Amino acid sequence: MTYTNFTIETDTDGVAVVTWDMKDKSMNVFTMQVMDEIDAIIDQVVADGAIKGAVFASGKSAFSGGADLTMLKGMFSMIESERATDPVNATKKLFDAAGRMSWLWRKLETCGKPWVAAINGTCMGGATELAMACHARVASNSKSVKIALPEVKVGIFPGAGGTQRLPRLINTQDALQIMTTGQDLTASRAKALGLVNEIVEPDQLIEAAKTMIRNGLDPVAPWDKKGFKAPGGTIWSPQGVQLFSAANAILRRETYMNYPGAHSILKCVYEGLQLPFDTALRVEQRYFTAILQTTEAYSMIRSLFVSMQELGKGARRPAGIPVTKFTKIGIVGAGFMGAAVAYVTARAGIPVVLLDRDQEAADKGKTHSETLVKDAITKGRSTREEGDKLLSLITPSADYSLIVDADLVIEAVFEDRGVKKAVIEQVEAVLPATSIFASNTSTLPITGLAENSKRPDQFIGVHFFSPVEKMMLVEVILGEKTGDKAIAVALDYAAAIKKTPIVVNDTRGFYVNRCVLRYMSEAYKMLIEGVPAPMIENAAKAAGMPVGPLALTDETAIDLAQKIMKQTIRDLGDKAVDPKQMALINTMVDDHGRLGRKNGKGFYDYPAKPAKKKLWPGLKDLYPQLAPEKVDYEELQQRLLVTIALEAARVMEEGIVTDPREADVGSILAFGFAPYTGGALSYIDGIGAKEFVKIAKGLQKKYGAEFKAPKLLLDMAEKGETFYERFDPYAKGDVKQAA
Ligand code: NAD
């Protein structure tokens, strides 16, 4: 038989090697067709008397990325229309679809012939579940082997037997931790845990797997044998009792129970370990069906998988412009940001010229990369060779003639119009007319900066976030005259350095900072109202934000907040900033010298490590304090999310962001907007525009005009529209259309 995605070769010993290699994809992923083919392959292996057992291998450098989650997105739409007319049947259909993979792996496991998974590289989600259904697993001794069950990160859980096989293969505590965090396991960690049976050199992988079969590998899973005991003991053992009460508490501490997918993992393991295997799989299937119907799963899959992938692949890239293969990138300004941008660029294998006012300043910028490289080598994340290669790509200099052949120049000099103007002119004097100039400004409008350029159509904003090495987002800002080539090059650059770009039209604060400032400002208001600071920070965490608004202000610096407020007053007048908030920030900076983390004194105190930061006790004395029981804690949570979501809606109304995928993904990647919501706009869509407007109106009455819903939302509420319907990202052509 021939297959589209697989080849089968059987050797003289009767060992078949099933090689998975999807022609049209760079990574093997499970699609309906792949599952149909695996189904047929299992039948073929069983039927062919000459085959003793089979090795499941990959023809690519990775084993598999797991399920193609767009398949799940398809499943949602499949039942959506039916749900209104025949909800019972719709749920039944979803139940069957949700169990498809699970029962397929069970078929493989119980087919009567032994299977070995040969894991040569990345092995994610459904692929790890397949590997666990095989009767043994052998992995390559290679850094590229990463084994994980990362489903929880997109709001679901390992629903193809993962929650049942993992705690039957390894200790329950480790199994819970692996599944609730979605962490990657190296080959050696997987071996130490008992998830992988053997590790061999990459060129021995297939042979080692074959040998297991030749040596008479048992085709019956341990849990299908009488008297099977899970390695972590039973649920009712003293260990089990202790584990599950602690596990519940830890999950609550880590997730505030905002993630139903994570919670389901605990339920599946707890219930499943008390049941025979097939029944346990059915229990898992039921929970999986329920999870697939949650708003959280729907929104997280859409934003954190589908949209992120689409944006990463340049969904907003103008068509018809050849992809830029970067041969050299110039970075001007080797300070805090420029140095970090140089590092991520060189890490992507692109030669960088790092310019500053003099050689000394440029050299200092390169030391940032040297420190990071040293650290990576010490931690075993990089080899000396790789480190040397990376550093050799960065040329620090004060000589502009070195950028005459750069494809792109990014400036990260002082946030000063005059300094930037001089740099633009200096760069353009040597830069080829075909190259692109990008500014990393965080506050200055791109259109204004581009007035200093001879080629405003080739001028664009590429706004990074700190720490650049970790933050996955770049905000690409379009000036009024920015042309398609500049957009294309900026997006190609983001792709090259493996960051997710969002394309934003020019405005004060662009997209991200506008939202972030709302978040902080709401917290200042709460402080002024007398809400105890710990309640503000905890409410933010409970709402799903990774960093409280006061901690975030400390990170970015309180004197920076002061500068921004003063500049806003200068530009837009006194009314543009709440005088009480201005007074709070002035008090912090001018009276108490509290600048944030940078001077160890902000809303928090920062004692020497290992002591942890603590909220500054003096905050209590700034305003008369409300008794905690007088504070509506849930309303605090709501205020923090709603104020950001409203700003995101305004940004859409103004045409600053035109694609809801970008507003959502941007809000999660830039400031961690409660990821379980799918992002700031999905949060509104999930609640429903009508209900959201009602909530906003209630808050407006109590807390002021910040909560005024924009006309756009009122209109959407009236029409019952969502953002993804109103601004359908799949029906759009030109990026700048809505600008
Ligand atoms: P910084 O002060 O750390 O670095 C600026 C560097 O520019 C210095 O090394 C300085 O010597 C150099 N420089 C100044 N004038 C120059 C000139 N004429 N020619 C060459 N080099 C010159 O500042 P930073 O925090 O890295 O910020 C740089 C830019 O990045 C600013 O526009 C800022 O708004 C933006 N930005 C900063 C952050 C942040 O978190 N700090 C985040 C996003 C964007």
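Let's start at the ligand. Arg-357 has a polar side-chain atom 3.1 Å from an oxygen atom of the ligand. Keep in mind that this is a predicted model.

Two further residues belong in this picture. Asn-440 also places a polar side-chain atom by a ligand oxygen, at 3.0 Å. Gly-335 takes part through its backbone: a polar backbone atom there is 3.3 Å from an oxygen atom of the ligand. How much of the ligand does the protein bury? Taken alone, the ligand exposes 830 Å², and the protein buries 78% of that.

Now look at the shell around the ligand. There are 22 residues around the ligand. Which of them come nearest? They are Met-337, Asp-356, Glu-415, Lys-420 and Ser-442. By type, the shell divides into 11 nonpolar residues, seven polar and four charged.

Where do these residues come from? Helix H13, residues 336–347, and helix H16, residues 417–428, each supply at least two residues of the shell. Helix H16 gives the largest share, three residues.

Next, the sheets. I'll take two of them.

Here is one. Eight strands form an open sheet with mixed pairing. Read across, the order is S13-S12-S11-S14-S15-S16-S17-S18. From one strand to the next, the twist averages 25°.

Let's zoom in on one pair in that sheet. Strand S14, residues 408–411, runs parallel to strand S15, residues 436–439. Four bridges join the two. In this pair, Glu-411 stands opposite Ser-439 of S15.

A helix crosses here too. Helix H14, residues 359–378, lies across strand S12 (352–355) and strand S13. Helix H14 runs at about 155° to S13.

Now the other sheet. Six strands form an open sheet, again with mixed pairing. The order is S1-S2-S4-S6-S8-S10. Which strands stand at the edges? Those are strand S1 (6–10) and strand S10 (198–200). Each has a single partner strand, so one side of each is left without a neighbour in the sheet. The twist here averages 20° from one strand to the next.

One pair again. Strand S2, residues 15–20, and strand S4, residues 53–58, pair in the parallel sense. Six bridges link them. Ala-16 stands opposite Ala-54 in S4.

Last topic: backbone details. Some background first. Most residues other than glycine have a negative phi, and most peptide bonds are trans.

Where are the cis bonds I want to show you? One runs from Ser-466 to Pro-467, with omega near -5°. Pro-467 lies in the loop between strand S16 (459–463) and strand S17 (473–478). Another cis peptide bond joins Lys-609 and Pro-610, with omega about 10°. Pro-610 sits in the loop between strand S19 (604–605) and strand S20 (614–615).

And what about phi? Tyr-256 is not a glycine, yet its phi is positive, near 50°. Tyr-256 lies in the loop between helix H9 (238–255) and helix H10 (260–272).

Methods:
Residues are numbered from 1 along each chain as its sequence is written. This is a predicted model: local features need pLDDT of at least 70, side-chain atom pairs count only at pLDDT 80 or more; totals for chains, interfaces and linings use all residues. Side-chain values use heavy atoms; hydrogens and water are left out. Two strands pair if DSSP finds at least two bridges between them. Axes are lines fitted to C-alpha atoms, for helices over the stretch in contact, and angles run from 0 to 180 degrees between N-to-C directions. Contact means heavy atoms within 4.5 Å. A residue is near a molecule or strand if one of its heavy atoms lies within 4 Å of it. A polar contact is a pair of N or O atoms within 3.5 Å; within protein, one must be able to donate a hydrogen and the other to accept it, and residues adjacent in sequence count only if both atoms are side-chain atoms. Accessible areas come from the Shrake-Rupley method with a 1.4 Å probe; for residues, only the protein chains shown count as cover. Ala, Val, Leu, Ile, Met, Phe, Trp, Tyr, Cys and Pro count as nonpolar, Asp, Glu, Lys and Arg as charged, and the others, Gly among them, as polar.
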